[in-house]
Amino acid sequence: MRYAIIENGIVANIALADAPLAENWIELPEDSEAQIGWTYARKKFTAPPPPPPIIPSSVTPRQARLALAWAASPDPAYPHMLGMVEALFDGLPEPQKTVAKISWEYSTVIERSNPLIAQLQTLVGLTDEEIDALFIAASKL
């Protein structure tokens with residue numbers, strides 16, 4: 001038989017035995033998916049919540065552009081966010097326009113902490129969570 005060894009409400013180990021060897025050994029039903037790290041309360045096993053996503057500190061320019069190309073624009077004049085971002089660069093006053101375009105076109109990485117990202121975030125009207133989601137999506141491309 002399979003047993004979950006429970007310590008402080010958490011499955012600390014899974015063991016095979018003919019009978020429970022201690023009070024904290026709970027028999028697992030044959031169809032149970034319980035694993036080490038699951039909680040046990042009120043005779044029920046529960047999986048832990050998934051870990052929070054890791055927000056990359058940087059992505060490649062290719063990844064950033066692809067993520068923006070796939071992201072819907074909040075402005076109906078643009079089919080995707082990439083077009084909107086590039087149009088925003090064109091609308092900046094000089095010398096910010098030239099500096100932004102140089103950074104966008106010639107950087108080898110796009111860093112989440114870059115002030116240009118914060119400026120774009122404000123111009124587009126995105127939340128920190130939405131920018132983080134774009135970086136997460138970009139990192140998978």
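Helices and strands here are DSSP runs, numbered from the N terminus; a helix has at least four residues and a strand at least two. The model is a predicted one.

Serine 73 is buried, because its relative accessible area is 15% and the cut-off for buried is under 20%. A polar atom of the serine 73 side chain lies 3.0 Å from the backbone nitrogen of aspartate 75. Beyond four places in sequence, serine 73 touches Tyr78, Pro79, His80, Met81 and Met84.

Methionine 81 has contacts of its own. Setting aside neighbours within four places in sequence, these are Leu68, Ala71, Ala72, Ser73, Pro74, Val124, Leu126 and Leu134.

**The nonpolar cores**

In soluble globular proteins, nonpolar side chains tend to be buried together. The largest nonpolar core in this model has 23 residues. Which of them touch the most other members? They are Leu68, Met81, Phe89, Trp104, Ile110 and Leu134. The most comes from α2, with five residues. A second core is separate and has eight residues, including Leu28, Ala34, Trp38 and Phe45.

**Helix α5**

The 12 residues of α5 should span 16 Å at 1.5 Å a residue. The C-alpha atoms at its ends are 16 Å apart, so the two values agree. Within α5, the residues Ile131, Asp132, Leu134, Phe135, Ile136 and Ala138 are buried. The buried residues of α5 pack against β6 (58-59), α1, α2, β7 and α4.

**Arginine 112**

Arginine 112 lies in the loop between β7 (110-111) and α4 (115-124). Is arginine 112 buried or exposed? Its relative accessibility is 18%, so arginine 112 counts as buried. The side chain of arginine 112 makes a polar contact with the side chain of aspartate 132, at 2.9 Å. Aspartate 132 is one of the buried residues of α5. Leaving out residues up to four places away in sequence, arginine 112 touches Pro56, Ser57, Ser58, Ile117, Gln121, Asp128, Ile131, Asp132 and Phe135.

**Rings**

The count of aromatic pairs comes to three. Two of them are set out here.

| Pair | Centre to centre | Angle between planes | Arrangement |
|---|---|---|---|
| Tyrosine 3 and tryptophan 25 | 5.9 Å | 45° | tilted |
| Tyrosine 40 and phenylalanine 45 | 4.6 Å | 45° | tilted |

Tyrosine 3 lies in strand β1 (residues 2-7) and tryptophan 25 in strand β3 (residues 25-27), so their pair ties together parts that are 22 residues apart in sequence. Tyrosine 3 and tryptophan 25 are both buried. Tyrosine 40 and phenylalanine 45 are buried too. Phenylalanine 45 also belongs to the second core.

The charged end of arginine 65 sits over the ring of tryptophan 104, 4.3 Å from the ring centre. Tryptophan 104 is in the largest nonpolar core.

**Proline 49**

Proline 49 is found in the loop between β5 (44-46) and β6. Proline 49 is exposed, because its relative accessible area is 69% and the cut-off for exposed is over 50%. Proline 49 and serine 32 are 17 residues apart in sequence. In space, their C-alpha atoms are 18 Å apart.

Conventions
Residues are numbered from 1 along each chain as its sequence is written. This is a predicted model: local features need pLDDT of at least 70, side-chain atom pairs count only at pLDDT 80 or more; totals for chains, interfaces and linings use all residues. Side-chain values use heavy atoms; hydrogens and water are left out. Buried means under 20% relative accessible area, exposed over 50%, partly exposed in between (1.4 Å probe, protein chains only). A polar contact is a pair of N or O atoms within 3.5 Å; within protein, one must be able to donate a hydrogen and the other to accept it, and residues adjacent in sequence count only if both atoms are side-chain atoms. Contact means heavy atoms within 4.5 Å. A nonpolar core is a set of buried Ala, Val, Leu, Ile, Met, Phe, Trp, Tyr and Cys residues joined through side-chain atoms within 4.5 Å. Rings of Phe, Tyr and Trp (its six-membered ring) pair if their centres lie within 6.5 Å; planes under 30 degrees apart count as stacked, over 60 as edge-to-face and the rest as tilted. A charge sits over a ring if NZ of Lys or CZ of Arg is within 6 Å of the ring centre and within 35 degrees of the ring normal. The expected span of a helix is 1.5 Å times one less than its number of residues.
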